[in-house]
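Biologist: I am new to this structure and would like to take a close look at a single part of it. Please walk me through that part step by step.

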Amino acid sequence: MNRAQRRKLGLKKKPDLEKKVGLFDKLPKQCTNCDKPFDKKDKDMVTSWFVTVRQQEKKVRLYCPTCWETAQKVVEEYIDAS
Ligand SMILES: [Zn+2]
(Lines give C-alpha, C1' and ligand atoms only; values in the text may rest on other atoms or scores of the structure.)
Protein backbone atom coordinates (compact mmCIF):
# COMPACT_ATOMS: atom_id res chain seq x y z
CA MET A 1 0.00 0.00 0.00
CA ASN A 2 1.40 3.41 -0.84
CA ARG A 3 1.12 6.58 1.21
CA ALA A 4 -1.70 8.11 -0.77
CA GLN A 5 -3.84 5.03 -0.32
CA ARG A 6 -3.10 4.98 3.37
CA ARG A 7 -4.05 8.63 3.72
CA LYS A 8 -7.23 8.06 1.80
CA LEU A 9 -8.24 5.41 4.29
CA GLY A 10 -7.43 7.68 7.20
CA LEU A 11 -4.88 5.23 8.52
CA LYS A 12 -1.60 6.27 9.98
CA LYS A 13 1.27 3.92 10.43
CA LYS A 14 2.48 5.32 13.74
CA PRO A 15 -0.15 7.48 15.39
CA ASP A 16 1.29 9.53 18.19
CA LEU A 17 -0.72 8.69 21.25
CA GLU A 18 0.85 11.40 23.34
CA LYS A 19 -0.41 14.09 21.00
CA LYS A 20 -3.97 12.89 21.37
CA VAL A 21 -4.10 13.97 24.98
CA GLY A 22 -7.72 15.00 24.66
CA LEU A 23 -8.69 11.47 23.80
CA PHE A 24 -6.01 9.71 25.77
CA ASP A 25 -8.24 8.97 28.73
CA LYS A 26 -10.88 7.71 26.31
CA LEU A 27 -8.53 4.99 25.21
CA PRO A 28 -10.00 1.53 25.53
CA LYS A 29 -8.35 -0.66 28.13
CA GLN A 30 -7.99 -3.52 25.72
CA CYS A 31 -7.59 -4.32 22.05
CA THR A 32 -10.81 -3.52 20.23
CA ASN A 33 -10.47 -6.73 18.28
CA CYS A 34 -9.13 -9.43 20.59
CA ASP A 35 -9.60 -7.89 24.07
CA LYS A 36 -5.92 -8.20 24.89
CA PRO A 37 -5.34 -5.86 27.87
CA PHE A 38 -3.58 -2.58 27.18
CA ASP A 39 -1.52 -0.74 29.77
CA LYS A 40 -1.17 2.91 28.80
CA LYS A 41 1.59 3.33 31.38
CA ASP A 42 3.69 0.80 29.51
CA LYS A 43 5.76 2.82 27.05
CA ASP A 44 6.47 -0.21 24.87
CA MET A 45 2.76 -0.83 24.46
CA VAL A 46 2.00 2.83 23.85
CA THR A 47 4.52 2.94 21.01
CA SER A 48 3.68 -0.41 19.43
CA TRP A 49 -0.11 -0.44 19.61
CA PHE A 50 -2.28 1.46 17.17
CA VAL A 51 -5.17 3.77 17.74
CA THR A 52 -7.76 5.02 15.30
CA VAL A 53 -9.93 8.00 16.12
CA ARG A 54 -13.15 9.01 14.49
CA GLN A 55 -13.34 12.65 15.50
CA GLN A 56 -16.97 13.05 14.48
CA GLU A 57 -18.16 10.13 16.56
CA LYS A 58 -15.49 10.58 19.23
CA LYS A 59 -14.84 6.89 18.96
CA VAL A 60 -11.42 5.57 19.81
CA ARG A 61 -10.37 2.15 18.73
CA LEU A 62 -7.29 0.40 19.89
CA TYR A 63 -5.47 -2.42 18.17
CA CYS A 64 -2.63 -4.60 19.36
CA PRO A 65 0.19 -5.03 16.80
CA THR A 66 -1.10 -8.47 15.78
CA CYS A 67 -4.64 -7.30 15.09
CA TRP A 68 -3.37 -4.15 13.36
CA GLU A 69 -1.30 -6.24 10.99
CA THR A 70 -4.28 -8.45 10.27
CA ALA A 71 -6.46 -5.40 9.66
CA GLN A 72 -3.87 -3.94 7.27
CA LYS A 73 -3.83 -7.18 5.29
CA VAL A 74 -7.58 -7.15 5.02
CA VAL A 75 -7.48 -3.57 3.76
CA GLU A 76 -4.80 -4.40 1.24
CA GLU A 77 -6.72 -7.38 -0.04
CA TYR A 78 -9.79 -5.23 -0.30
CA ILE A 79 -7.90 -2.65 -2.38
CA ASP A 80 -6.40 -5.34 -4.59
CA ALA A 81 -9.81 -6.80 -5.21
CA SER A 82 -11.39 -3.49 -6.18
ZN1 LIG B 1 -5.68 -7.59 19.28
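Biologist: Where is the place of Trp49, and what does Trp49 touch?

Modeller: In this predicted model, Trp49 sits in the loop that runs between α3 (43-48) and β1 (50-54). Its relative accessible area is 4%, which is under 20%, so Trp49 is buried. Leaving aside residues up to four places away in sequence, Trp49 touches Gln30, Cys31, Lys36, Pro37 and Phe38, and also Leu62, Tyr63, Cys64 and Pro65. For one of these, Cys31, the C-alpha to C-alpha distance to Trp49 is 8.8 Å, although the two residues are 18 apart in sequence.

Turning to the rings, a search of the whole structure finds three aromatic pairs. One of them joins Phe38 and Trp49, with 4.9 Å from centre to centre and 45° between the planes, and this pair is tilted. Phe38 lies in the loop between α2 (21-24) and α3, while Trp49 lies in the loop between α3 and β1, so the pair ties together parts that are eleven residues apart in sequence. Both Phe38 and Trp49 are buried.

Another pair is made by Phe50 and Trp68, whose ring centres are 4.6 Å apart and whose planes meet at 10°, so this pair is stacked. It links distant parts of the chain, since Phe50 is in strand β1 and Trp68 is in helix α4 (residues 65-81), 18 residues apart. Phe50 counts as buried at 9% relative accessibility, and Trp68 counts as buried at 7%. Together with Tyr63, Phe50 and Trp68 form one aromatic cluster, and Tyr63 is also among the residues that Trp49 touches.

How values were computed: Residues numbered from 1 in each chain as written. Predicted model: local features only at pLDDT ≥ 70, side-chain atom pairs only at ≥ 80, totals over all residues. Heavy atoms only, no water. Helix = DSSP H or I, 4+ residues; strand = E, 2+ residues; numbered from the N terminus. Buried < 20%, exposed > 50% of the residue type's maximum accessible area, 1.4 Å probe, protein only. Contact = heavy atoms within 4.5 Å. Phe/Tyr/Trp six-rings, centres within 6.5 Å; stacked < 30°, edge-to-face > 60°.
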